[in-house]
Amino acid sequence: MNMKTNDTNKTNRKTEQLEQHSTSNENEKLTTDQGLKINNNQDSLKAGERGPSLLEDFILREKITHFDHERIPERVVHARGSGAHGVFTLTKSLAAYTKAKFLGEIGKETPVFVRFSTVAGSKGSTDLARDVRGFAIKFYTEEGNYDLVANNMPVFFIQDAIKFPDLVHAVKPEPDNEIPQAASAHDTFWDFISLMPESMHMIMWLMSDRAIPRSLRMMEGFGVHSFKFINEEGKVHFVKFHFKPKLGVHSVSWDEAQRISGVDSDFHKRDLWEAIESGSYPEWDFGVQLIPEEDEHKFDFDLLDPTKLVPEEEVPVEIFGTLTLNRNPDNFFAETEQIAFHPGHIIPGIDFSNDPLLQGRLFSYTDTQLSRLGSPNFHEIPINRSINTVHNNQRDGHMRQQIVKGKSSYEPNSIGGGCPFQAMMSEGGFTSQEERVSGAKVRERSKSFVDHYSQAKLFYNSQSEPEAKHLQNALIFELSKVTIPEVRERMVGQLAYIDRSLAEKVAKKLGVQVKKLEQPNQSLPADSNIEELQSEEREPHTKSSEALSMKNTVKNTVKSRKIGFIIANGVEGAAVSDFKTKLERDGATVEMIAPSLAPVKTTGEENLTPKHSLTSTASVCFDALFICSGENSAKELMDPENKPKVLNFINEAYKHCKAICFGEGTEPLYQLSNVAARQHKDPAIITWEDNTPDELFINAIAQHRVWDLEMERNTQS
Ligand code: HDE
């Protein structure tokens with residue numbers, strides 16, 4: 001029995017089902033795939049000890065053959081992923097809006113598996129790429145699997161699925177030289193984007209710090225499209241799905257992201273894994289925006305347009321449940337890699353809208369699983385199995401697992417007693433929402449989709465000063481990598497429709513002029529009436545929205561924050577343990593960093609065992625630093641061998657706007673660091689002169705970063 005599933009809190013119908021397919025090698029003998037015990041796994045069968053290997057060696061052949069075939073194609077997008085098991089708990093009933101059972105009964109718990117991902121990079125690429133993050137949730141409901149295949153941004157680049165292959169080809173490494181990996185900062189991406197004004201709103205999100213999250217646990221999740229809820233009476237509401245992290249929405253700086261990619265390219269994967277292993281379970285509030293069907297047209301944008309969000313000021317997000325991740329997978333490939341999501345996996349009470357992007361997705365996901373997992377039986381892979389048993393007349397195919405008894409595999413039948421029967425609606429039988437549709441068969445975009453700039457403006461207007469600055473810098477970084485001046489210029493021309501001063505700031509750094517684009521929307525069909533379709537002068541109905549700025553996020557907890565304690569021989573044992581206890585009491589994690597991995601002598605009885613050395617880690621792997629008290633330890637840290645490394649730690653943390661606490665006796669280090677040059681009170685720098693350093697430190701860490709002082713911290717250093 002697997003240890004993890006012994007925990008009764010985490011046992012549910014899905015874990016029980018997975019347990020039937022799990023195995024452990026503990027205390028077992030090595031066997032072949034046929035169950036034959038192997039006596040020698042060191043040498044192949046040979047004709048004489050120096051002779052050639054024999055074809056007869058079935059053990060060698062089996063092992064090598066399996067190895068030769070152990071790779072499957074990676075996902076064409078979202079290849080790099082991290083997953084976890086968890087539970088969705090309903091805290092408020094949605095029964096008035098949907099007949100979906102898992103959303104009806106307060107307190108109901110539904111097992112889930114969530115897979116987070118970056119989009120553009122390959123499976124082995126860095127976690128800290130500037131990119132959208134996938135946030136795909138499989139709810140194992142009693143009515144069948146429901147997949148909410150979401151992202152950490154509420155809008156998308158394109159309005160119609162037919163443009164998806166173009167978008168992905170543009171962002172992926174260029175076809176001739178396969179450069180660059182996991183990066184949008186290159187010619188083809190910006191060439192495409194500058195010709196696609198519908199992507200401008202998403203570009204604002206992508207260039208914002210949302211694209212470089214501090215943790216997968218500190219990101220929002222959005223269903224993007226409008227979906228539909230249908231209740232028992234058949235009443236329809238449009239619905240937008242939200243997941244709001246209880247730890248708040250936080251990001252790293254771009255400079256940090258680049259450093260993390262070098263120091264620990266698995267930073268997000270490790271962070272999620274370690275948080276769950278330590279019992280610090282990530283949690284999100286599940287919220288919905290509900291719009292009665294009759295209000296569909298009351299907005300100044302089209303609810304079917306996936307490049308638009310519904311401002312929370314216009315329709316508030318109501319919280320109905322909690323998503324908790326509480327168990328790491330037992331096997332990455334079997335679970336995180338083989339899980340197969342599909343927005344078309346729905347259950348009674350939930351239906352699609354006519355969003356043309358969503359409609360295209362409904363085709364793509366099963367299709368891609370066929371090529372990735374290799375068989376129409378991918379639903380039988382344990383992680384993909386529904387907890388509701390499957391009964392139908394689908395049969396055969398590669399790797400079929402289920403042994404369906406009986407003679408008939410068709411319907412209607414009399415030989416099988418007519419089984420399996422169709423279910424009536426009252427028995428949970430799914431019916432699509434009845435909707436009147438009419439119209440000529442046309443290959444066209446709705447005129448209501450044409451305003452591409454006003455919500456881009458709304459997003460930009462809503463950013464705090466540091467966030468807006470980061471966004472500008474991101475554009476400058478990305479577009480500076482574009483080698484074709486015309487593309488840079490065209491992109492700046494697009495930005496001018498969003499915000500003139502943003503365009504000017506970017507243009508200056510790119511060495512181009514802000515020019516009015518002759519034809520802003522070159523993506524339109526050749527015979528479109530461009531004048532009629534352009535909407536560049538439109539102002540957003542909502543001028544700014546608090547929910548769009550990370551400045552207004554949760555900042556009252558240090559839970560699961562990682563604090564680096566820099567120690568050396570002679571460190572004040574009592575001060576270290578006091579600080580550590582207080583931080584851990586509030587849920588933070590403390591890790592010791594010393595000049596080497598050898599135990600560190602303290603002024604007290606106990607030695608401390610460092611987890612890291614100054615060489616094996618970097619300040620970018622921590623949220624805050626405590627330069628631990630002790631004159632003697634400070635002396636050792638100032639040895640010529642240690643000093644540059646310690647100062648680099650401090651200066652980097654300072655540059656990245658983190659909280660730093662200097663203990664008693666560390667003044668010499670403080671004086672040598674860039675921190676000493678500060679001219680103003682900086683709430684995130686705590687020293688031996690402060691009265692309640694522990695409280696101040698904890699409060700500063702909870703603020704995440706002092707982004708407001710970034711300019712000041714950086715111009716001094
Ligand atoms: Fe996806 N997308 N997508 N997508 N998507 C895939 O499916 C696709 C879109 C999203 O962790 C693929 O199994 C099309 C929007 C996530 O396994 C593929 C279009 C949103 C994941 C695919 C979109 C997403 C995928 C690749 C435009 C946010 C990772 C592998 C019409 C709401 C799921 C796979 C996981 C994965 C197609 C647009 C989210 C090829 C055609 C919008 C989170 O089927």
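A residue is buried if 20 or more other C-beta atoms lie within 10 Å of its own, exposed if 12 or fewer, and partly exposed in between, with C-beta atoms placed from the backbone. This is a predicted model: local features need pLDDT of at least 70, side-chain atom pairs count only at pLDDT 80 or more, and totals for chains, interfaces and linings use all residues. Numbering runs from 1 along each chain as its sequence is written.

**Exercise 1.** Work out how many residues of helix H10 are buried, and what they pack against.

*Solution.* 
- Helices are DSSP runs (H or I, at least four residues), numbered from the N terminus.
- H10 spans residues 454-462.
- Eight of its nine residues are buried, among them Leu458, Phe459 and Tyr460.
- These buried residues pack against H5 (200-207), H11 (465-480), H12 (485-498) and H13 (500-510).

**Exercise 2.** Decide whether Arg361 and Tyr365 are buried or partly exposed.

*Solution.* 
- The UniProt annotation "binding site", from an unreviewed entry, includes Arg361 and Tyr365. Such annotations may be inferred rather than shown by experiment.
- Arg361 lies in helix H9 (residues 356-373).
- Arg361 has 20 other C-beta atoms within 10 Å, so Arg361 is buried.
- Tyr365 has 16 C-beta neighbours inside 10 Å, so Tyr365 is partly exposed.
- Now the contacts (C-beta atoms within 7 Å, placed from the backbone). Leaving out residues up to four places away in sequence, Arg361 touches Ala161 and Pro343. With that exclusion, Tyr365 touches Phe341, His342, Pro343 and Gly344.

Technical notes: Helix = DSSP H or I, 4+ residues; strand = E, 2+ residues; numbered from the N terminus. Contact = placed C-beta atoms within 7 Å.
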